[in-house]
Amino acid sequence: MSPGLQHTRNIGIMAHIDAGKTTTTERILFYTGITHRIGEVHDGAAAMDWMIQEQERGITITSAATTTFWKNNDQEYKINIIDTPGHVDFTVEVERSLRVLDGAVAIFCAVGGVEPQSETVWRQADKYKVPRLAFVNKMDRVGADFFRVVQEIRDKLKANPVPLQIPFGSEENFRGIVDLIERRAIVWKEDETLGMKYEYCDIPEDLVETVEEWREKLVEAVCVSDDDLLNKFLEDRHSISVDEFMSYTRRATINMDIVPVLCGSAFKNKGIQRLLDAISNLLPSPLDIGAVRGIDPKTEKEVTREPDENEPLTGLVFKIATDPFVGRLAYMRIYSGKLLEGVMVLNNRTGKKERITRIYQMHANKQHPKKEISAGDICAVVGLKELATGDTITTVNKPMILESIEFPEPVIGVAIEPKTQADIDKLGMALHKLAEEDPTFQVRTDPDSGQTLINGMGELHLEILLDRLKREFKVECNVGAPQVNYKEALTTEVHHREVFKKQTGGRGKFADIEVYVGPAEDDIKGLQFISEIRGGNIPREYIPSVEKGFANAMFNGPLAGFPVESLKVRLVDGSYHTVDSDQLSFEIAARHAFKKAAAKARPIMMEPIMSVEVVTPEEYMGDVISDLNKRRGQVEGMDSKAGARVIKARVPLAEQFGYVTVLRTLSSGRASSTMEFSHYEPMPDELAREVLEKVTGKSMI
């Protein structure tokens, strides 16, 4: 077993935009001795926000990885940290980070509480079953309310938050915390040591009752999660030591029965050391997570690999970045075995062997060379060429495929062209590199106009990518107006027979298929293909070609060439020719069948609908709601939060371009909004007709 593996923590810092993720990470780096000066986000000096675009805007765009060490109870812990973005346009960075992490720290603003993106990242962590701690930050801000945030975590996230600490004072009087387990207050000194020093003191009289009330809730929550502890507690609660209670709290956290809640103010340097103690005491090590499961591509049976350096190598590529000095960096989580510099490894997706030329431990955009990396660690490697995010890398003779990472589809696109003819090749290479790095960024060529279209998750996402094209790749572009990524759907099932014949000199082409084509059953995305061929009407080896033909045809819908999101095809009959039939003939027949059948299946246009949340002062509420109604928005609820009103609505993306500017005007700059993709739904006929006329250039009846 690897020495110290039980003292390794792979964690992510996740939250809504502006909750203080990067500020908290900067303090962690300072207190653990990795940096000797605290970098502030608002000064553009944060170590983890290394991109020019991040420094200018004061936001995180890419997830940055770093490794640090923390001493707790005379034991040194190795902590690999990934600081993730909070803006919804960069949600892919959170998704791929959570896929490879063992634990997470969810940060909440003490004033804002649970915000829309907090809910999104929480759902992502639930999806990957990542145990987490909650840290209520910004306790020094006006309007800070720790207990309200705890209640919101319970109500909105359906979690079981259990405070381990409560704040000692709040807003400008925030002095420190009260540890509920140890029953003592911790106060940070306001001096030039930047929060390095703190002292213990007695709990103030006015807090004693609150401390006892929340301590009882903590003990009760941990006891309920474990029968052994509950029995001990009922027999004699004083027989349980602090260390024993902490070990049960750790088990409850790892099993996701509870979410321990801590508090502090990262900006004022209060509470971070205790957060580091909680990370090392409560979050899982790779050993706690246990064996990783995957599929052996040869036998297609499930195999497991333990987090042990003596097992065969297994790693998952979760991010690809382009570095101007070392080239293509592949970020990898090593689940088992040992990765050595210079060895040959197998990419299980391509089936090709490639050599690792260099291995690095990352600190934001700085690389520290390593000769080897063992199980349970995160690193970046150079040398792998044909690589994509989500690829599994293993020992050459011990293949295994881990579950890949699912990415949301882009919902917005723009047409671009280089300003000069000389930049055409440069643009192609630059777009290829950016698409490799970011799976939610897609590039395609419009078959009719020949224009290059780039697609992303939102206006900010595309703005950042265009800025990178200009600065990193020195390509200036003309950019068209943003376009919505519409889809098409079929609404009824139709029966169709397609006979494909082509006679040329020599061998011809022949395929005959009879199909029912229509909408897929609820919630099924993609192609739902059912073969009902009995006997030998169509030979078995041709049936996958029919499926492939329909799958490829779905990219061009019958109305205006937008993709068809879901489709059900039943292949019921057909015939073949012993000489002229082949796989290609049946694939072409399927494409023709789709084109003709889909046109008769009452196709409709689908548009992306966004979840919008607007936080506005009370006096502007009427104007904001009226504006949302004009945008075909449906208001779904209103709430009060920290003296402002919160409006939740669903609005078509097509109506939301430039909304931020309009909202500023309506509210004299005092309202803010967040938006994320929700779902696709049918467009009203009148609007669908307008879009089709615009796209096809033909008048629709």
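Author: The count comes to one cavity of 30 Å³ or more. A cavity is defined on a 1 Å grid over the protein atoms alone, as a set of points where a 1.4 Å probe fits but cannot get out. Rolling a probe the size of a water molecule over the atoms shows where empty space is left. The volume of the largest cavity is about 60 Å³, where a volume is the space filled by probe spheres set on the points, and grid points are joined across faces, edges and corners.

This is a predicted model, in which local features need pLDDT of at least 70 and side-chain atom pairs count only at pLDDT 80 or more, while totals for chains, interfaces and linings use all residues. Residues are numbered from 1 along each chain as its sequence is written, and side-chain values use heavy atoms, with hydrogens and water left out.

The largest cavity is lined by Ala65, Thr66, Thr67, Asn80, Ile81, Ile82, Tyr331, Met362, Ile378 and Cys379; lining residues have an atom within 4 Å of a point. Two or more of these residues come from each of strand 2 (64–72), strand 3 (75–83) and strand 22 (378–382). Strands (E, at least two residues) and helices (H or I, at least four) are DSSP runs, numbered from the N terminus. By type, the lining has seven nonpolar residues, three polar and no charged. Here Ala, Val, Leu, Ile, Met, Phe, Trp, Tyr, Cys and Pro count as nonpolar, Asp, Glu, Lys and Arg as charged, and the others, Gly among them, as polar.

Strand 2 also holds Asn72. Asn72 is buried at 6% relative accessibility, buried meaning under 20% relative accessible area, exposed over 50% and partly exposed in between, with a 1.4 Å probe and protein chains only. Leaving aside neighbours within four places in sequence, Asn72 is in contact with Tyr77, Asp277, Ser280 and Asn281, contact being heavy atoms within 4.5 Å.

The ring pairs follow. The structure holds eight aromatic pairs. Rings of Phe, Tyr and Trp (its six-membered ring) pair if their centres lie within 6.5 Å, and planes under 30 degrees apart count as stacked, over 60 as edge-to-face and the rest as tilted. The ring centres of Phe30 and Tyr31 are 5.5 Å apart with planes at 65 degrees, so this pair is edge-to-face; both residues are buried. Tyr542 and Phe586 are stacked, at 5.0 Å centre to centre and 20 degrees between the planes. Because Tyr542 lies in the loop between strand 33 (526–531) and helix 13 (543–553) and Phe586 in helix 14 (residues 583–600), the pair ties together parts that are 44 residues apart in sequence. Tyr542 is buried, with a relative accessible area of 13%, and Phe586 is buried, at 0%. Ring pairs also link Phe146, Phe147 and Trp214 into a cluster.

Arg184 lies over the face of Tyr200, 3.5 Å from the ring centre, and the charged end of Arg570 sits over the ring of Tyr516, 4.5 Å from its centre. The rule requires NZ of Lys or CZ of Arg within 6 Å of the ring centre and within 35 degrees of the ring normal.

Finally, backbone angles deserve a remark. Most residues other than glycine have a negative phi. Asn269 has a positive phi near 60 degrees; Asn269 lies in the loop between strand 11 (259–263) and helix 9 (272–282).

Conventions:
On a 1 Å grid over the protein atoms alone, a cavity is a set of points where a 1.4 Å probe fits but cannot get out, and a pocket is an open set with protein on both sides within 12 Å along at least five of seven lines; lining residues have an atom within 4 Å of a point.
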